[in-house]
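Please look at the sequence and the model below.

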Amino acid sequence: MDRREPRLEHAVADGVATVVISNPAKRNAMTAAMWSALPGLLARLAADPAVRVLVLTGAGDTFCAGADISSLRDRAGDPAYDPQALAAAAEEALAAFPRPTLAAIRGYCVGGGSQLAAACDLRFAEEGASFGVTPAKLGIVYGGSSTRRLVALIGPAAAKHLLFSGELIDTARALRNGLVDEVLPAGELDKRVDAYVRTLAARSQLTQAAAKEFATGREDRDAYWAQQARLSGDTAEGVAAFLERRAPRFTWTTQS
């Protein structure tokens, strides 16, 4: 394979799946093929019991500069082709991933890049990163689900600022608005992400899965999660491990 070919790379190690957006010639812009491939890749990783956490990042010194407009234009005459639907499907697949997800961001996180980052549970960024939601520059109506997710994340005023203007903001403003959760000095992002996801991988998947679902506002599964807690044995194991001053050995998984 030509290493310059736009693609999604992935690897799994020590419970952590890393998905890398790779299109260096265009600042890791997402092509139509990459949008199409992401839901299937996420489904395969979700089915892998070895995966406890997922990290989404970009190749090199940038996260994702948005959609590759040339790849979208190439199929503009195809009536069955809907680039916004492709992006929305990828975003929803990422948001629905059953284990914790984290976007590790450096450089540009713009347009479709911000759309993907917002669909992750958490976002860590390196100082100097730039963020923007840019459909107003192209006359595109930003999708309803994407807009609602952005509003839920940063609030209506901050979302309107980004959507109305298409202007880029820096890491300080992104942190202040809640668009990112942590900002790391140059050269420290990978180290912090590695340490944090290893911590997540050691924690109870039961706790994480229930918290992830509750955080979306779902209100009809309290009894289900109470039953899972009773049957799993994770609570007893966690208490025993605490009292015995050892690392817990949690057994509940999203495949349970």
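In this predicted model, helix α11 spans residues 234–244, and Asp234, Glu237 and Ala241 are buried in it. Seen down the axis of α11, the buried residues fall within an arc of 60°, so they line one face of the helix.

What do the buried residues of α11 pack against? Their partners are α9 (205–215) and α10 (222–232). On the face turned away from the buried side, α11 carries the exposed residues Thr235, Ala236, Phe242 and Leu243. Just after α11 comes Arg245, which takes a positive phi of about 55°.

The aromatic side chains are the next topic. The count of aromatic pairs comes to three. Phe124 and Tyr196 form a tilted aromatic pair, with 5.1 Å centre to centre and 55° between the planes. This pair links distant parts of the chain: Phe124 belongs to strand β6 (residues 122–126) and Tyr196 to helix α8 (residues 189–202), 72 residues apart. Phe124 is buried, at a relative accessible area of 2%. Tyr196 has 21% relative accessibility and therefore counts as partly exposed, since buried means under 20%.

Elsewhere, Tyr224, Trp225 and Trp252 form one aromatic cluster. The ring of Tyr224 also has a charge over it: the charged end of Arg221 sits there, 4.0 Å from the ring centre.

Key:
Residues are numbered from 1 along each chain as its sequence is written. This is a predicted model: local features need pLDDT of at least 70, side-chain atom pairs count only at pLDDT 80 or more; totals for chains, interfaces and linings use all residues. Side-chain values use heavy atoms; hydrogens and water are left out. Buried means under 20% relative accessible area, exposed over 50%, partly exposed in between (1.4 Å probe, protein chains only). Helices (H or I, at least four residues) and strands (E, at least two) are DSSP runs, numbered from the N terminus. The arc is that of the directions from the helix axis to the C-beta atoms. Contact means heavy atoms within 4.5 Å. Rings of Phe, Tyr and Trp (its six-membered ring) pair if their centres lie within 6.5 Å; planes under 30 degrees apart count as stacked, over 60 as edge-to-face and the rest as tilted. A charge sits over a ring if NZ of Lys or CZ of Arg is within 6 Å of the ring centre and within 35 degrees of the ring normal.
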